[in-house]
Amino acid sequence: QVQLVESGGGLVQTGGSLRLSCAASGRTFRSYVMGWFRQAPGKEREFVAVISRSGGTTHYADSVKGRFTISGDNAKNAVYLQMNSLKPEDTAVYYCAAASLPWNTIVTRKTNTDFGSWGQGTQVTVSS
């Protein structure tokens, strides 16, 4: 099992940027596909981005493609989400998650139920 702790959320104006961090501890970081999900009030948790075990491949939701970048640092056991050109509709609690399933399964289904470990979440609020 891996333990995840997110940080970096906050309040930002439309068009601004934030960088979320996720620190992992426990089992070897490279054993997992790492991802970011978000959940807005009254909505279901939705897929944002994932990065492969090697860090060489990424995949994004259409709604954030071109604006968000997921990256990882295996030496620091950390994964990041750089968010640029933020919009009010990006307002949500952002969660870091880890999955043991194969990469192709993860990017095909893009569902939170494939991820077995979760952080506590960090709030991102984008004001208009």
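Modeller: Helices (H or I, at least four residues) and strands (E, at least two) are DSSP runs, numbered from the N terminus. By that count the chain has one helix and 11 strands. Bear in mind that this is a predicted model: local features need pLDDT of at least 70, side-chain atom pairs count only at pLDDT 80 or more, and totals for chains, interfaces and linings use all residues. Residues are numbered from 1 along each chain as its sequence is written, and side-chain values use heavy atoms, with hydrogens and water left out.

Biologist: In what order do the elements of the chain run from the N terminus on?

Modeller: It goes β-β-β-β-β-β-β-β-β-α-β-β. The radius of gyration (taken over C-alpha atoms) is 13 Å, close to the 14 Å that the globule rule gives for 128 residues, so the chain is as compact as a globular protein of that length. That rule is 2.2 Å times the number of residues to the power 0.38.

Biologist: And what percentage of the 128 residues is buried?

Modeller: Buried means under 20% relative accessible area, exposed over 50%, and partly exposed in between (1.4 Å probe, protein chains only). Here, buried residues are 43% of the 128.

Biologist: Why is strand S8 largely enclosed by the rest of the structure?

Modeller: Five of the six residues of S8 (residues 78–83) are buried, so the rest of the structure largely encloses this strand.

Biologist: OK, how many bridges join S8 to S3, and how many to S7?

Modeller: Two strands pair if DSSP finds at least two bridges between them. Strand S3 (residues 18–26) is antiparallel to S8, with six bridges joining them, and Cys 22 sits opposite Val 79 in S8. Strand S7 (residues 68–73) also pairs with S8 in the antiparallel sense, over six bridges; there Ser 71 faces Tyr 80 of S8.

Biologist: What sits between S7 and S8?

Modeller: A turn of four residues, which makes the two strands a hairpin. With 23% relative accessibility, Asn 77 counts as partly exposed.
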